[in-house]
Amino acid sequence: MSDEKNPPPTTARGDVVLEAVGLTKHFPVRGLRSGGAVVHAVDGIDLELRSGQVVALVGESGSGKSTVARLLARLYPQTSGDILLHGKPVTARRGGDFRRYARRVQMIFQDPFGSLNPVHTVRYHLTRALRIHHKGLRGQALETALRELLERVHLTPERYIDKFPHELSGGQRQRIAIARALAADPEVLLADEPISMLDVSIRVGILNLLQDLRDRLGIAILYITHDIASARYFADRTQVMYAGRPVEAGDSESVTQEPAHPYTQLLVRSAPDPDDLSGADRNAGRGEPPNMVRPPAGCRFNPRCPFATDLCREVVPPLLPISPQRSVACWGYAAQVPGGLETAPAGAVLPDLGSDAVPVQLTETVHAAPTQGVTR
Amino acid sequence: MSPAVDTTPASSPRPATARTRAEGTGARPILEIKDLAVDYGYGENRVKALRGVNLTLHEGEVLGLAGESGCGKSTLVYGATRLLPPPGLISAGEVLYHPADGSAPIDLLRQSDADLRAGRWQDIAVVFQGAMNSLNPVHRIGRQLEDAIKAHRPKSTGKEREARSRELLEMVGISAERVRSYPHQLSGGMRQRVMIAMALALEPRVLIMDEPTTALDVVMQRQILEQVQDLRDRLGFAVIFITHDVSLLVEVADRIAIMYAGEIVEEASASDVYRRPRHPYSYGLLHSFPPLHGPRRELQGIPGSPPDLQNLPSGCPFRVRCKHVMPECADVHPELGRTAFDEPRREVACLLHDAGHQVPEELSV
């Protein structure tokens with residue numbers, strides 16, 4: 001498309017490219033007797049993708065993390081909330097508007113075996129993507145663009161251009177899928193579990209490639225994963241979701257090393273850790289994620305949380321800033337955060353995380369929060 | 001590994017074998033796989049999926065099999081239990097099972113069909129990959145548990161079988177009322193537990209678990225693994241645990257065998273493999289996943305792609321991806337043998353450990 005209606009503004013590194021505000025998606029339950037029930041897949045997620053930065057969205061299966069990616073890619077309409085591209089609300093649904101949006105926000109999927117058409121060659125897949133997003137690209141210019149794409153994903157053009165997907169290994173296929181996404185010259189890449197179907201020895205290669213794209217091209221990347229260890233390695237910021245709600249957000253290192261929310265703590269404790277074979281107290285937090293048609297009131301983690309009080313069972317905790325870089329949706333921190341107690345109803349008993357709580361570090365002087373009427 | 005938390009004292013039907021963390025000290029072998037070779041297909045184009053593998057499982061130990069997809073780890077256990085689907089063919093080897101009464105070992109590969117059927121599930125039970133989808137959706141889980149018992153204990157009464165299936169469910173942490181549930185009424189983790197309960201129904205001596213937790217979340221994975229370890233401590237069965245997740249295996253297993261392209265390339269105790277890998281592939285595998293704790297370390301992964309079994313390179317199959325490759329790797333096929341440091345109870349298949357070679361620093365810690 002040569003006739004640009006709104007050319008992408010030049011973005012500096014670190015500028016917010018794509019933003020989600022209060023993103024919510026409820027899927028209707030089908031069937032005659034569903035009575036208008038909905039699956040609360042995503043409820044009030046805020047997300048900021050900055051250019052040249054990787055944000056990891058971590059959660060169990062069914063926590064709504066893939067739905068967030070699909071909402072951002074405009075594959076579903078949201079129930080409420082806004083998606084902002086460079087600060088402007090995105091309303092594109094189909095046709096030219098959608099295509100212009102898709103050129104700037106591309107997605108790669110989990111399964112590189114399913115996302116490439118088995119009857120077409122690499123050349124066909126990439127040519128198609130190039131010609132959709134750059135009209136009139138032909139002949140030598142097209143050939144050069146194809147070569148550049150393959151080189152960007154570290155594949156030798158001569159060797160791979162005329163291969164069919166079944167002739168490629170999983171890692172090579174995922175590289176082709178990434179090359180296809182890059183054909184559009186996107187500003188944002190939404191990567192939905194890009195490595196979980198790949199062999200262990202080649203996962204790092206794909207992550208390093210994405211890291212390289214972030215650094216060289218300044219692409220903003222949303223990295224969706226269930227593996228919190230890879231988020232630590234790869235992402236600049238990490239956001240944790242549980243049952244469709246935000247749980248915790250912050251820089252990857254502190255979220256994984258000093259998790260603040262009881263759910264994140266459970267997640268980190270459960271991850272296999274060959275260096276710690278003592279296995280001390282890993283059994284806490286039994287139970288399973290809630291039914292998303294009738295999610296529990298209040299904090300959605302409360303049925304499994306060892307610290308939950310009546311307040312947790314009734315009122316949804318707000319995202320409380322516990323340090324300049326971090327926020328956590330847990331009532332246990334309300335007393336330490338300025339203004340935190342005002343969000344809770346008077347007289348409510350706050351949960352006491354005890355020694356599991358992480359210290360709250362606020363750079364500005366902490367103003368004494370009103371404590372009357374609240375028992376701790 | 002969690003310390004043995006035995007909440008039900010003296011309930012074990014068989015004296016629990018002492019926990020043999022690592023070394024596998026002197027425990028009797030229960031299953032010996034000798035020179036097992038498996039091909040897929042016939043003639044010229046057959047794929048040699050397994051090429052002369054030797055492996056011994058001892059009583060009460062957890063043996064981990066690790067490797068990437070296509071390395072033959074599932075083929076190994078399905079070959080050993082004669083569960084290979086066509087076109088898989090066992091072309092050589094023997095699998096010796098040592099019965100509990102101490103009588104002469106039986107070669108499972110040459111056993112008559114009737115004996116094999118009687119012994120299956122009774123002696124060796126399997127929890128299959130994606131087991132939670134292998135329950136029959138139209139029968140209640142209680143009935144499916146009872147079916148397995150009835151097939152092997154035809155003289156048992158319905159009451160006994162029902163009592164046993166309730167007991168089994170309780171054993172894996174599901175309330176006994178759930179015998180009346182259909183599979184779709186249970187979550188993925190619960191269905192996986194039902195499959196483990198079913199595998200333990202006849203108190204087997206060997207439990208084979210093929211990627212039992214791959215489809216589950218980490219929290220659920222942790223719960224199920226702890227359950228299995230707890231049951232192992234109480235009932236004293238031996239486990240072969242297959243997974244591609246090495247970090248998980250280091251925690252779960254006593255001994256680990258690393259496989260590459262249809263062969264075992266390294267076998268040692270779990271902590272030795274993790275702290276002192278001797279084979280370049282084991283080293284690469286261990287440096288392919290990021291650690292959650294501890295210092296951030298540079299990750300390398302392994303260059304190249306997993307091997308294509310149809311045209312393997314000559315000599316060492318790993319040489320095309322190996323950073324310590326030597327000219328002779330192309331000619332000589334390395335056999336599983338002692339390490340350069342003559343360590344007891346560990347073996348490696350790499351020419352670097354032969355006399356006259358300098359073992360690289362990272363492999364000689």
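Domain bounds are those of an automatic or database domain assignment. Under this assignment, chain B splits into domain 1 (1–123 + 204–306) and domain 2 (135–201). The C-alpha centres of domain 1 and domain 2 of chain B are 25 Å apart.

The model is predicted, with pLDDT of at least 70 required for local features and 80 or more for side-chain atom pairs, while totals for chains, interfaces and linings use all residues. Residues are numbered from 1 along each chain as its sequence is written, chains are lettered from A and ligands numbered from 1 in the order in which they are written, and side-chain values use heavy atoms, without hydrogens and water.

The two domains of chain B touch. Contact (heavy atoms within 4.5 Å) involves 20 residues of domain 1 of chain B and 14 residues of domain 2 of chain B. Together they bury about 1400 Å², with 65% of it on carbon and sulfur atoms. Buried area here is the accessible area (1.4 Å probe) that two parts lose on being put together, summed over both. On the domain 1 side, B:W121, B:Q227 and B:L231 lose the most area to domain 2 of chain B, together 35% of what that side buries.

Polar pairing was also examined. Between domain 1 and domain 2 of chain B there are zero salt bridges, a salt bridge being a side-chain nitrogen of Lys or Arg within 4 Å of a carboxyl oxygen of Asp or Glu. Seven residue pairs are in polar contact across this interface (both at pLDDT 80 or more). A polar contact is a pair of N or O atoms within 3.5 Å; within protein, one must be able to donate a hydrogen and the other to accept it, and residues adjacent in sequence count only if both atoms are side-chain atoms.

On the domain 1 side, helix 2 (113–119), strand 7 (206–210) and helix 6 of chain B each give two or more residues. Helices (H or I, at least four residues) and strands (E, at least two) are DSSP runs, numbered from the N terminus. Helix 6 of chain B gives the most, with eight residues.

Chain B also meets chain A. This contact takes 43 residues from chain B and 39 residues from chain A. The buried area is about 3600 Å², and carbon and sulfur atoms give 51% of it. B:V219, B:L292 and B:R296 supply 19% of the area that chain B buries against chain A, more than any other three residues. Between the chains, the salt bridge count is zero. Nine residue pairs are in polar contact (both at pLDDT 80 or more). Helix 6 of chain B supplies the largest share of the side of chain B that touches chain A, seven residues.
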